[in-house]
Amino acid sequence: ITTATKEDDEIFLVVPTSNHSDLLYFTTKGRVFSLPAYEVPETTRIAKGQAIVNLLQLQKDEEIASILDITREKKDYLFFVTDRGTVKKLAMADVKNIRSNGLIVLKIKEGDNLRYVKTTSGDDNIFIATHEGKAIQFHEDDVRAMGRAASGVRGINLKGDDYVIEASIVFDENKYVFIATENGLGKITDIEEYRNQKRGGSGVKAMAVTPK
């Protein structure tokens, strides 16, 4: 047991860190908060912990989307991906002087949520996969760096009720894509099969999603 969870709760993120690291907390509404790790109360392994709203000034219906240990990050950019496939690149230098009530880093459109925050060097590939088994890979040069108030551009064109299920950074040494399904099926595919496309396309079929 790593932690006791309250009813209707589940583990969402696990972030390795140290007491003197500064953590950035990105929310589904496109805001970022800063809180050093030592301000999160240390507890025993089986303790339930406390609600994040006791530590950060979150709004109603606002949740944590991602947490980064900024002390360990050496990359130049933050890369955002929303549920509906919108992407945005922001210079790391633009995230500073974060107030206690947070700082807007992405203007969120109605019906969408920020879900994934990655760091990039400026010369990386982006890989986005969807719930219905589509995936797209494109170079981050396709997305120019924007200001904090910008709402981003289309990263992948989604059909129907499909939504983004994962976003990753692809490095030169990465040779394969491993996909796991909700019911526990898994497969590995050569990354060369995901040819580089331009951002905003529909992507390619990554897996046959069936009732099984």
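This is a predicted model: local features need pLDDT of at least 70, side-chain atom pairs count only at pLDDT 80 or more; totals for chains, interfaces and linings use all residues.
Which strand does Thr189 lie in?

Residues are numbered from 1 along each chain as its sequence is written, and side-chain values use heavy atoms, with hydrogens and water left out.

1. **Thr189.** Thr189 belongs to strand S13 (residues 186-190); helices (H or I, at least four residues) and strands (E, at least two) are DSSP runs, numbered from the N terminus. Thr189 has a relative accessible area of 11%, so it is buried (buried means under 20% relative accessible area, exposed over 50%, partly exposed in between, with a 1.4 Å probe and protein chains only). Not counting residues up to four places away in sequence, Thr189 touches Lys175, Tyr176, Val177 and Tyr194, where contact means heavy atoms within 4.5 Å.

2. **The four-stranded sheet.** Please have a look at the open sheet of four strands, which run in the order S7-S4-S5-S10 with antiparallel pairing. Two strands pair if DSSP finds at least two bridges between them. Strand S7 (114-120) and strand S10 (153-154) are the edge strands, each pairing on one side only. Six bridges join strand S4 (residues 77-82) to S7 in the antiparallel sense, and Val81 has Tyr116 in S7 as its bridge partner.

3. **S1 and S3.** Another antiparallel pair is S1 with S3, over five bridges. Thr27 has Ile64 in S3 as its bridge partner. S3 is mostly covered, with five of its six residues buried.

4. **The largest nonpolar core.** A nonpolar core is a set of buried Ala, Val, Leu, Ile, Met, Phe, Trp, Tyr and Cys residues joined through side-chain atoms within 4.5 Å. The largest one has 15 residues, and Phe79, Val81, Val87, Ile128 and Phe138 have the most contacts inside it. S4, S8, strand S9 (134-139) and S11 each give two or more residues to this core, and S11 gives the most, with three. Ile128 is worth a click: leaving aside its neighbours within four places in sequence, Ile128 is in contact with Val81, Val87, Lys134, Ala135, Ile136, Phe138, Ile156, Val164, Glu166 and Ala167. Apart from this core lies another, of 14 residues, among them Leu24, Phe26, Phe80 and Leu114.

5. **The largest pocket.** On a 1 Å grid over the protein atoms alone, a pocket is an open set of points with protein on both sides within 12 Å along at least five of seven lines, a cavity is a set where a 1.4 Å probe fits but cannot get out, and lining residues have an atom within 4 Å of a point. Grid points are joined across faces, edges and corners, and a volume is the space filled by probe spheres set on the points. The largest pocket has a volume of about 1,700 Å³. Its lining has 39 residues, of which Leu13, Val40, Lys48, Gln50 and Ile52 lie nearest its centre. Strand S1 (22-27) and strand S3 (64-69) are the elements that give two or more residues to this lining. By class, the lining has 20 nonpolar, ten polar and nine charged residues (Ala, Val, Leu, Ile, Met, Phe, Trp, Tyr, Cys and Pro count as nonpolar, Asp, Glu, Lys and Arg as charged, and the others, Gly among them, as polar).

6. **The second largest pocket.** The second largest pocket holds about 810 Å³ of space. Of the 30 residues that line it, Thr130, Ile165, Ile179, Ala180 and Thr181 lie nearest its centre. Strand S8 (125-130), strand S11 (164-170) and strand S12 (176-180) are the elements giving two or more residues to the lining. That lining divides into 18 nonpolar, eight polar and four charged residues.

7. **The cavity.** The structure holds one cavity of 30 Å³ or more. Thr82, Thr86, Leu106, Lys107, Ile108, Lys109, Asp112 and Ser151 line the largest cavity, and by class they are two nonpolar, three polar and three charged residues.

8. **Two loop residues to check.** Most residues other than glycine have a negative phi. Asp61, in the loop between strand S2 (31-36) and S3, has a positive phi of about 65° although it is not a glycine. Asp61 is exposed, with a relative accessible area of 60%. Asn97, in the loop between strand S5 (86-91) and strand S6 (103-104), has a positive phi of about 50° and is not a glycine either. Asn97 counts as exposed at 67% relative accessibility.
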